[in-house]
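Subject: Handover of a structure

Dear colleague,

Please find below the structure that I am passing on to you. My notes on what was found in it follow directly after it.

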Amino acid sequence: MDEIILVTGEADVVVQSGGRITIPVTRIISKVSVRKITASFGSTALSEKELKVKSIYLINVAGDNNYAATATPRLWYNKLSDGRNDAGCNTFSLLSDPVNSVIQNRSSYTKEHCFFCYPNTVSDETFDSTWSPRHTMLVVDALLGGEQTYYPVELPVFGRNKCLIIDELIITRKGSDYPYVPVTDGECSISVQVVPWDVVLQHTETI
């Protein structure tokens with residue numbers, strides 16, 4: 001993603017001398033954003049622990065595509081982890097933001113964080129510790145009572161010029177031990193809708 005192609009377009013036209021051609025263009029990249037993170041622990045034991053969000057980032061990120069945005073990605077960033085296995089990605093502002101904020105129980109962190117990536121059309125869903133192409137994920141990297149924990153949100157297959165907005169991420173319990181393994185149990189169901197970039201989506205995630 002050192003060189004990002006912002007928009008491309010195509011049109012079937014008959015070229016005439018002195019004529020004017022209009023080619024509609026759309027973005028190749030897509031945007032992922034989280035607008036609010038809320039601590040809502042029901043357990044007394046958890047509510048007494050400090051929740052500190054260290055950073056937010058994308059993992060399993062497609063790093064290239066063709067002009068039509070139809071290719072299978074060949075380059076990937078932040079594979080399985082938070083950038084430690086991809087030199088230089090720790091400060092890649094398109095994919096990662098530092099936070100370093102404590103969220104008190106029953107309160108929220110309200111600064112919006114936006115990230116930008118190429119389309120990821122890989123349909124395989126896997127959470128195996130051995131890398132293979134898979135869904136992109138948004139990860140809230142946190143400390144709960146001083147213990148490292150992760151709150152990953154798996155993103156669905158998405159194409160070009162899309163906007164994936166998490167209006168509110170509600171944290172109700174301890175997260176995952178790994179950034180590439182979602183928090184799952186019988187009471188937790190997470191879904192993210194994909195909409196055109198210019199459409200505003202109101203969506204809440206509860207973990």
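A strand, as the word is used here, is a DSSP run of E of at least two residues, and strands are numbered from the N terminus. Under that numbering, L143 belongs to strand β11. Please bear in mind that this is a predicted model.

**Overall picture**

The chain contains 16 strands and one helix. Of its 207 residues, 46% count as buried. The accessible surface of the chain amounts to about 10700 Å², and carbon and sulfur atoms account for 47% of that surface. When contacts between residues at least 6 apart in sequence are considered, 69% of them join residues at least 24 apart.

**Strands β11 and β12**

Strand β11 covers residues 137–144 and pairs with β12 in the antiparallel sense, over eight bridges. Within this pairing, D141 stands opposite Y150 of β12. The two strands form a hairpin with two residues between them, and G145 adopts a positive phi near 60° there. Six of the eight residues of β12 are buried, and β12 is therefore largely enclosed by the rest of the structure.

L143, in strand β11, is partly exposed, because its relative accessible area is 23% and buried would require a value under 20%. Setting aside neighbours within four places in sequence, L143 is in contact with E50, L51, K52, K54 and Q148. L143 also lies 6.4 Å from V53, C-alpha to C-alpha, although 90 residues separate the two in sequence.

Is F158 buried or exposed? F158 is buried, since its relative accessible area is 2%. The C-alpha atoms of F158 and P119 are 5.9 Å apart, while the two residues are 39 apart in sequence.

**Nonpolar cores**

The largest nonpolar core has 31 residues, and those that touch the most other members are I37, L51, I56, L138 and Y151. Apart from this core lies another one of seven residues, including L80, M137, V139 and Y150.

Leaving out neighbours within four places in sequence, I37 has contacts with I56, I103, S107, S108, Y109, V140, L169 and I171.

**Cysteines**

How many disulfides does the structure hold? The count is zero. For C163, the reason lies in distance: the closest cysteine sulfur, that of C114, is 7.6 Å from the sulfur of C163, which is too far for a bond, because a disulfide requires the two sulfur atoms to be within 2.5 Å. C163 counts as buried, at 2% relative accessibility. C117 is buried as well, with a relative accessible area of 0%.

**Salt bridges**

The structure holds six salt bridges. One of them joins R35 to E112, with 3.6 Å between the closest N and O atoms. This pair links distant parts of the chain, 77 residues apart: R35 is in the loop between β3 (30–34) and β4 (37–39), and E112 is in the loop between β9 (108–109) and β10 (113–117). Both partners are partly exposed, R35 at 23% relative accessible area and E112 at 37%.

Another salt bridge is formed by the side chains of E147 and K174, at 3.9 Å from N to O. Because E147 lies in strand β12 and K174 in the loop between β14 (168–171) and β15 (195–196), the pair ties together parts that are 27 residues apart in sequence. E147 is partly exposed, with a relative accessibility of 41%, and K174 is partly exposed at 29%.

K174 also meets D177 in a salt bridge, at 3.2 Å from N to O. D177 counts as exposed, at 51% relative accessibility. Elsewhere, salt bridges that share partners join R35, E112 and D167 into one network.

With kind regards

Key:
Residues are numbered from 1 along each chain as its sequence is written. This is a predicted model: local features need pLDDT of at least 70, side-chain atom pairs count only at pLDDT 80 or more; totals for chains, interfaces and linings use all residues. Side-chain values use heavy atoms; hydrogens and water are left out. Helices (H or I, at least four residues) and strands (E, at least two) are DSSP runs, numbered from the N terminus. Buried means under 20% relative accessible area, exposed over 50%, partly exposed in between (1.4 Å probe, protein chains only). Contact means heavy atoms within 4.5 Å. Accessible areas come from the Shrake-Rupley method with a 1.4 Å probe; for residues, only the protein chains shown count as cover. Two strands pair if DSSP finds at least two bridges between them. A nonpolar core is a set of buried Ala, Val, Leu, Ile, Met, Phe, Trp, Tyr and Cys residues joined through side-chain atoms within 4.5 Å. A salt bridge is a side-chain nitrogen of Lys or Arg within 4 Å of a carboxyl oxygen of Asp or Glu.
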